[in-house]
Amino acid sequence: MTLVVVTVMPKKGVLDPQGQAVQGALAHMGFGDVSDVRVGKRIELEIAGHDPAGQATKMCEDLLANQLIEDFHVEVPG
Amino acid sequence: MSATRVAVLRFPGTLDYESAARAVEGVGGEPVYAHHEDTALPEGTGAVVIPGGFSYGDHLRPGALASRTPIMSAVRAHAADGGKVLGICNGFQILCESGLLPGVLRPNASLSFICRQADLQVADSGTPWTGGRDEGEVLSIPFKHHDGAWFGDPGEARVVLRYAGENPNGSIDKVAGISNLGGNVMGLMPHPEEAQEPLLGSVDGRVLFAALLS
């Protein structure tokens with residue numbers, strides 16, 4: 001079994017209202033140095049069989065990310 | 001085969017199927033429910049409605065999980081044969097996630113759930129979905145959504161309905177509803193099934209259901 005970590009983030013240039021809302025809250029709390037916030041998701045997959053990273057990439061293309069608005073990154077932590 | 005038989009899809013979390021079925025009956029159609037695990041549409045299906053709600057709890061992305069179910073393979077085949085498909089709210093999201101319509105529905109720019117009556121301007125009178133209304137005519141239909149901002153390339157679709165007045169959700173080009181280039185697949189965020197009775201303030205939603213049978 002291999003742990004594969006998939007990170008899905010809103011594409012740069014696509015408005016991220018969630019990130020903006022968080023940034024606004026942080027500014028109200030005094031964290032004024034934050035110039036940008038983007039909120040995405042982390043998906044952890046336990047994958048059996050060969051080429052877990054390749055399988056995860058296919059899953060991202062087919063379901064886990066919508067590439068019109070999201071980028072994904074696949075990582076197998078060592 | 002009865003062209004008046006309309007399949008109304010139900011996924012776990014679909015909410016508006018009874019209103020949609022009632023609207024189908026209102027224009028003389030025969031609604032039949034079809035479920036997410038069905039591998040075929042009910043026999044004699046002439047058109048398909050995908051009602052609103054929160055299929056699969058909106059997990060991952062609205063419509064993403066519903067779009068990968070067996071029944072949607074049958075809907076794809078139906079649409080490829082030129083059959084009519086109407087997706088409302090979550091149904092619109094499912095059609096985009098299925099690739100039957102271009103683009104995707106993103107969270108409202110305000111991040112708020114918005115629920116109110118809306119004026120929708122007919123932007124393309126050349127599809128069956130607006131019942132011969134001229135461009136610029138207005139339909140009054142309510143909407144209720146959190147993820148209603150259509151994002152995509154309007155050149156890949158036909159923009160059938162636009163929000164008149166201010167843009168409530170930040171959609172590209174004030175899009176409220178689009179069809180595919182062929183005109184047989186239509187998706188919109190507002191709820192025409194809730195604009196069927198004079199008592200409820202508008203009957204403007206009837207044209208979209210009548211189009212299913214045309």
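How many C-beta neighbours does B:C89 have inside 10 Å, and does it count as buried or exposed?

Guide: B:C89 counts as buried because it has 28 C-beta neighbours inside 10 Å. The scale behind that word calls a residue buried if 20 or more other C-beta atoms lie within 10 Å of its own, exposed if 12 or fewer, and partly exposed in between, with C-beta atoms placed from the backbone. The model is predicted: local features need pLDDT of at least 70 and side-chain atom pairs count only at pLDDT 80 or more, while totals for chains, interfaces and linings use all residues. Residues are numbered from 1 along each chain as its sequence is written, and chains are lettered from A and ligands numbered from 1 in the order in which they are written.

B:C89 sits in the loop between β4 and α3 of chain B. Helices (H or I, at least four residues) and strands (E, at least two) are DSSP runs, numbered from the N terminus. The backbone of B:C89 has a positive phi of about 55°, although this residue is not a glycine. Most residues other than glycine have a negative phi. B:D58 is another non-glycine residue with a positive phi, near 60°. B:D58 belongs to the loop between β3 and α2 (70–80) of chain B, and it counts as partly exposed, with 18 C-beta neighbours inside 10 Å.

Next, the sheet to which β4 belongs. In chain B, nine strands form an open sheet in the order β2-β1-β3-β4-β11-β10-β9-β6-β7, with mixed pairing. Two strands pair if DSSP finds at least two bridges between them. β2 (30–35) and β7 (138–145) of chain B are at the edges with a single partner strand each, so one side of each has no neighbour in the sheet. From one strand to the next, the twist averages 25°. Strands β1 (residues 5–10) and β3 (residues 47–50) of chain B run parallel and are joined by three bridges; B:A7 stands opposite B:V48 in β3(B).

Helix α3 (residues 90–98) of chain B packs on this sheet, touching β3, β4 (84–88) and β11 (185–188) of chain B, and its direction makes about 120° with that of β4(B). Helix α4 (residues 206–213) of chain B also packs on the sheet; it touches β1, β3 and β4 of chain B, at about 155° to the direction of β4(B). Those angles are taken between N-to-C directions and run from 0 to 180 degrees, with axes as lines fitted to C-alpha atoms, for helices over the stretch in contact. Contact means that the C-beta atoms of two residues, placed from the backbone, lie within 7 Å.

Helix α1 (residues 17–26) of chain B has the buried residues B:Y17, B:A20, B:A21, B:A23 and B:V24. Seen down the axis of α1(B), these fall within an arc of 160°, so they line one face of the helix. The arc is that of the directions from the helix axis to the C-beta atoms. Just after α1(B), B:G28 takes a positive phi of about 95°.

Last, the way out to chain A. B:L111 is in the loop between β5 (104–106) and β6 (114–122) of chain B. B:L111 is exposed, with 12 other C-beta atoms within 10 Å. From B:C96, B:L111 is 15 residues away in sequence and 20 Å away in space, C-alpha to C-alpha. Apart from its neighbours within four places in sequence, B:L111 is in contact with A:P17, A:Q18 and A:A21. In total, eight residues of chain A are in contact with eleven residues of chain B. Helix α1 (residues 17–28) of chain A gives the most to the side of chain A that touches chain B, with three residues. That side of chain A has six nonpolar residues, two polar and no charged. Here Ala, Val, Leu, Ile, Met, Phe, Trp, Tyr, Cys and Pro count as nonpolar, Asp, Glu, Lys and Arg as charged, and the others, Gly among them, as polar.
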